[in-house]
Amino acid sequence: MTEDDRITLIIEGLPEDEGRVRLSAFMAQLQSFSATVARLDKDANAGKAATYFRIAALSYNSPVRVVLEPQPLGRSPYMGAAILDGLERVTSALEAGQDLSGLDADLLEDIRGLSGPVGKSIKSAALVFRNQRFELTSSVTKELDHALAVDEECAGSIEGALEQINVHLGANVFHIYPEVGPRKVTCRFPSKLHDDAVAAVGKRVEVFGVLHFRAGASFPHAVSVEELQPIPSDADLPDWEDLRGLARDATGDLSSEEFVRRLRDEWR
């Protein structure tokens, strides 16, 4: 662990409030900040939380400064450097105006939660890490809006391992991780599928519904789920011994040998 892995959020309030940050705006920024670092942690650790974040410093003098320090969760590996690597990738792409379609859409939405209030409920916001400062401006918000815009929707299905379900307060969202195509797909489901979704956690599933594609994307980033079907594992599938004797009358009055012989004659 090192102080080099700390992340600082700086917030300045509106001029009419003499730079002081309103409580509602401060809480909204903290929630987006927390969601951003938690997402970076999971992305760095194969979708599983490995880190909790401790407030290392807090300054109320305008502008407000909140310094977070990553700490390993239980016996998990230390992911502080990997978290900052991920943050650096996305902020560098935003600063350079690069294509964002290959980045985690959920992470982009979390960062948009930080930049969106700038010029509205707060005057400015910035992230500071590794001796660099990333300004969360209205231009960043526009860039994220463009990257997150849904360009096409169509009915379809997609398969993947169902993980990271959230049903708290009716959120009703889970992620699936396909073997090919997108790294993960966000799936939102109706309450009627609650039990099916919970029962399928950790299993491979096929989800049916409306697929959402972003501009220029070859694969969907999200699905409005209408139906969910678990895919049996190889261990659950019947083998040849299980099939023996299931269709005793399949050959009618013919013996198996005569039935196969006639089929071969038809193929000639």
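In strand β9, H212 is the bridge partner of E153. Strand β9 covers residues 204–214 and runs antiparallel to strand β6 (residues 150–166), to which 11 bridges join it. Two strands count as paired if DSSP finds at least two bridges between them; helices (H or I, at least four residues) and strands (E, at least two) are DSSP runs, numbered from the N terminus. The model is predicted, so local features need pLDDT of at least 70 and side-chain atom pairs count only at pLDDT 80 or more, whereas totals for chains, interfaces and linings use all residues. Residues are numbered from 1 along each chain as its sequence is written, and side-chain values use heavy atoms, with hydrogens and water left out.

**The barrel**

- Five strands close into a barrel with mixed pairing, in the order β6-β7-β8-β10-β9.
- V210 has S224 of β10 as its bridge partner.
- Strand β6 pairs with strand β7 (residues 173–177) in the antiparallel sense over four bridges, and N166 has V173 of β7 as its bridge partner.
- The hairpin of β6 and β7 has six residues between the strands, and in it L169 takes a positive phi near 55°.
- Strand β7 pairs in turn with strand β8 (residues 185–188), in the antiparallel sense and over four bridges; here I176 stands opposite V185 of β8.

**F213 in strand β9**

- F213 lies in strand β9 and is buried, with a relative accessible area of 12%; buried means under 20% relative accessible area, exposed over 50%, and partly exposed in between (1.4 Å probe, protein chains only).
- Leaving aside residues up to four places away in sequence, F213 touches A149, V150, D151, E152, C154, S218, F219, P220 and H221; contact means heavy atoms within 4.5 Å.
- F213 and N61 are 152 residues apart along the chain, and their C-alpha atoms are separated by 44 Å.

**The open sheet**

- Five strands form an open sheet in the order β2-β3-β1-β4-β5, with antiparallel pairing.
- The edges are taken by β2 (51–59) and β5 (132–135), each with a single partner strand, so one side of each has no neighbour in the sheet.
- The twist in this sheet averages 25° from one strand to the next.
- Helix α1 (residues 23–44) packs on the sheet and touches β1 (7–12), β2, β3 and β4 (124–129), while its direction makes about 155° with that of β1.
- Eight bridges join β2 to strand β3 (residues 64–72), and the two run antiparallel; I55 stands opposite L68 of β3.

**Helix packing around α1**

- Two packed helices are described by the angle between their axes and the distance between the axes.
- The axes of α1 and helix α3 (residues 105–115) come within 8 Å and cross at roughly 155°.
- Helices α1 and α3 are therefore roughly antiparallel to each other (angles under 35 degrees count as roughly parallel, over 145 as roughly antiparallel, 65 to 115 as roughly perpendicular and the rest as oblique).
- On the α1 side, the contact with α3 is made by Q29, S32, F33, A35, T36, R39 and L40, and on the α3 side by D106, L107, D110, I111, G113 and L114.
- These contact residues of α1 and α3 comprise six nonpolar, four polar and three charged (Ala, Val, Leu, Ile, Met, Phe, Trp, Tyr, Cys and Pro count as nonpolar, Asp, Glu, Lys and Arg as charged, and the others, Gly among them, as polar).
- The axes of α1 and α2 come within 9 Å and cross at roughly 110°, which makes α1 roughly perpendicular to α2.
- Residues L40, D41 and A44 of α1 meet A82, I83, G86 and L87 of α2 in this contact, which divides into five nonpolar, one polar and one charged residue.

**D99 in the loop between α2 and α3**

- D99 is placed in the loop between α2 (80–96) and α3 and is exposed, with a relative accessible area of 63%.
- D99 and E143 are 44 residues apart in sequence, and 9.8 Å apart in space, C-alpha to C-alpha.

Methods. Axes fitted to C-alpha atoms, helices over the stretch in contact; angles between N-to-C directions.
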